[in-house]
Amino acid sequence: MVDVPPGTWSAGTFGGGGTSARTVTLTDLLRVPLHRIRLVGAVAAVGLLAVLGYVVLMPSAVTASAVVAVRPVVTDAFTPSGAAADRAVNMNVESGIATGTEVVQRLAAEGGDQREVRDALEVEVPTGGQILRFSYTGRSADDAVRNVNLAAQTYLDVRRTMYEKQRAEMLKRYDESIVEVDKQREILQRRIVSARDGALDAAIAELGGTNSQLTQLRSARTEIAAVDVNPGWITQSAENVLVSSGRHTLLYVLAGLLGGALLGVVLAFAWESADRRVRSVHDGRDVTGLPLLGTVRGGLFTGGLFGGRRKAMDADIRYVAMAIAERVREPARVALLTTREDPSAITASLAVALAAPGRDVYVADDSGRLERLRAAVLADRDQLPAALNPARPLVPKPRGTDPVSGNGIIGQVPTRRPSPYPVGSRPSKDPDATLTLPRTTLDATANGPGAAATKAGEVPVGAGGVRFGTWRQRVTTGVVLFNAPPSEADERGVAVARQGSAVIVVEQDRTRHSDLRRLVERLRAAGVTPLGFVLTGSGRG
């Protein structure tokens, strides 16, 4: 047996032996999450369930708002001086007072912790305005409304108290000054009574200045006492109808779903880096360094042998069979090797594809899978066209007629009484009649009864046939396909490949890079140069 050397295949072009770089496209990046879709979906579902649990179990938060218009007070020590002193307020100071200790303590006294009150209370100051917008987030609408209105009113009370205290201090100073000036006036009046002519005029002049100063002090005191110390008004109080929900349920659900999906994609890439699978033809070439013999769409390993199988004699199988037949010369021994998968299905399909044009194919198996292989070959043979399948008649069955209804009945063939005379032995009265003799085949005359016994287990396929047996029978004719066990569990496939050729069968999305690389290294260490690899899969890639 001599195999054709792989001279027509370029290792640098097809085998990945060169260093040519391949462009990574967006499809390559999306292939990993798509093939790890179960992991991505599971993590996204966990994120969604976590958010739904938070939304359902955690109490909802609502926010109430109140608006306070701040009024400037001239006597405010923090009011900037100048011509616009009556129209300007230092809003930074007002915001600090609104969130100060006195307001927080007042809210905490109604029930609650100061830390929680500080976290729930917010005060906003619009740019260029004298408005304070109070916002309070509570566990219920009543709680939020009550606390925000209390915060606004407490701020006004605190600010009013500060203004009143400041006004009281200023009035107290004016009263003290008025008392002192009044005492000086009394002293001057007594001096005038006892004064003589020369000192009388001076005392009267000094008394007039004292009276004028007293008048000014009383006038200023009156103005301060008349100042309105009201710091502002609540222009919009909080109500239950104006309460807004602090929890955006739909937004939380979308965030949980998208966050879980993103985390699932990251985990998919992490898992892929630890457990890489063959995703495409390029991966197979990069890992094996071998040429591609063909791709078979549809999962031959996962589809099953008895149910849900696709048609065996499709274009993919025929092209793979053509590629193998072009690279070997009969008699040839070809071992179909996998890493962890069962190649029985593709072995049967290739046997049918090779035998259909007229080859004699022998399927060998040492793992007890001959019955499965025979059943698969018979199922694949039924998919052949009638012109190539001897088990399917070219002429359809005649249509019978129902004697009652007159309708045609498919499958009913009129029976004919068999002739009591064998073919060619019917007596004839015509002396010139032709004598018919039984047909004798060349195989029967040449090979004798031993050949008939050998062909007894053959399954006719097209113009050829498929036989089954073990590797130990040492068949030396036709094409021998060895259905090798997984190489990770059994080394017989590599041992058989040393006596002939090998074809590596790679299943898309299942065969690991490490296992495939290990198989190729074992073959090369054993001195075997594989014909190439065949990529099978579900077609998603």
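**Briefing: buried sites, sheets and cores**

Asp509 counts as buried because its relative accessible area is 11%, under the 20% limit for that class. The model is predicted. The protein has 541 residues, and 38% of them count as buried. Its secondary structure consists of 16 helices and 15 strands.

**Overall figures**

- The accessible surface of the protein is about 30900 Å². Carbon and sulfur atoms account for 55% of that surface.
- Taking contacts between residues at least 6 apart in sequence, 79% join residues at least 24 apart.

**Asp509**

- Asp509 sits in the loop between β14 (501-507) and α16 (513-525).
- The phi angle of Asp509 is near 70°, a positive value in a residue other than glycine.
- Most residues other than glycine have a negative phi.

**Nonpolar cores**

- The largest nonpolar core has 35 residues, and Leu350 and Val466 touch the most other members. Helix α11 (residues 344-355) supplies the largest share of this core, with 8 residues.
- Leaving aside residues up to four places away in sequence, Leu350 touches Ile317, Val320, Ala321, Ile324, Leu336 and Leu481.
- A second core is separate and has 30 residues, including Val62, Val117, Phe134 and Ala144.

- Strand β7 (residues 332-337) runs parallel to β13 and is joined to it by 5 bridges. Within this pairing, Ala335 has Phe482 in β13 as its bridge partner.
- Strand β8 (residues 360-364) also runs parallel to β13, with 4 bridges between them. Here the bridge partner of Tyr362 is Val480 in β13.

**Strand β1 and its neighbours**

- Strand β1 (residues 62-70) is mostly covered, with 8 of its 9 residues buried.
- β1 and strand β3 (residues 131-138) run antiparallel and share 8 bridges. Thr63 stands opposite Thr137 in β3.
- β1 and strand β4 (residues 232-236) run antiparallel as well, and share 4 bridges. The bridge partner of Ala69 in β4 is Trp233.

**Aromatic pairs**

- A search of the whole structure finds 3 aromatic pairs. One of them joins Phe134 and Tyr155, with 6.0 Å centre to centre and 45° between the planes, which makes the pair tilted.
- Phe134 lies in strand β3 and Tyr155 in helix α6 (residues 141-194), so the pair links distant parts of the chain, 21 residues apart.
- Both Phe134 and Tyr155 are buried. Phe134 is also a member of the core of 30 residues.

**Thr288**

- Thr288 belongs to helix α9 (residues 281-288).
- Thr288 counts as buried because its relative accessibility is 2%, under the limit of 20%.
- A polar atom of the Thr288 side chain lies 2.5 Å from the backbone oxygen of Gly284.
- The Thr288 side chain also reaches the backbone nitrogen of Leu290, at 3.3 Å.
- Leaving aside residues up to four places away in sequence, Thr288 touches Leu516, Val520, Arg524 and Phe533. Helix α16 spans 513-525, and Leu516, Val520 and Arg524 are among the residues touched by Thr288.

**Arg38**

- Arg38 is in helix α2 (residues 37-57).
- Arg38 counts as exposed because its relative accessibility is 77%, over the 50% limit for exposed residues.
- Arg38 and Gly264 are 226 residues apart in sequence, yet their C-alpha atoms are 9.2 Å apart in space.

Methods: Residues are numbered from 1 along each chain as its sequence is written. This is a predicted model: local features need pLDDT of at least 70, side-chain atom pairs count only at pLDDT 80 or more; totals for chains, interfaces and linings use all residues. Side-chain values use heavy atoms; hydrogens and water are left out. A nonpolar core is a set of buried Ala, Val, Leu, Ile, Met, Phe, Trp, Tyr and Cys residues joined through side-chain atoms within 4.5 Å. Buried means under 20% relative accessible area, exposed over 50%, partly exposed in between (1.4 Å probe, protein chains only). Helices (H or I, at least four residues) and strands (E, at least two) are DSSP runs, numbered from the N terminus. Contact means heavy atoms within 4.5 Å. Accessible areas come from the Shrake-Rupley method with a 1.4 Å probe; for residues, only the protein chains shown count as cover. A polar contact is a pair of N or O atoms within 3.5 Å; within protein, one must be able to donate a hydrogen and the other to accept it, and residues adjacent in sequence count only if both atoms are side-chain atoms. Two strands pair if DSSP finds at least two bridges between them. Rings of Phe, Tyr and Trp (its six-membered ring) pair if their centres lie within 6.5 Å; planes under 30 degrees apart count as stacked, over 60 as edge-to-face and the rest as tilted.
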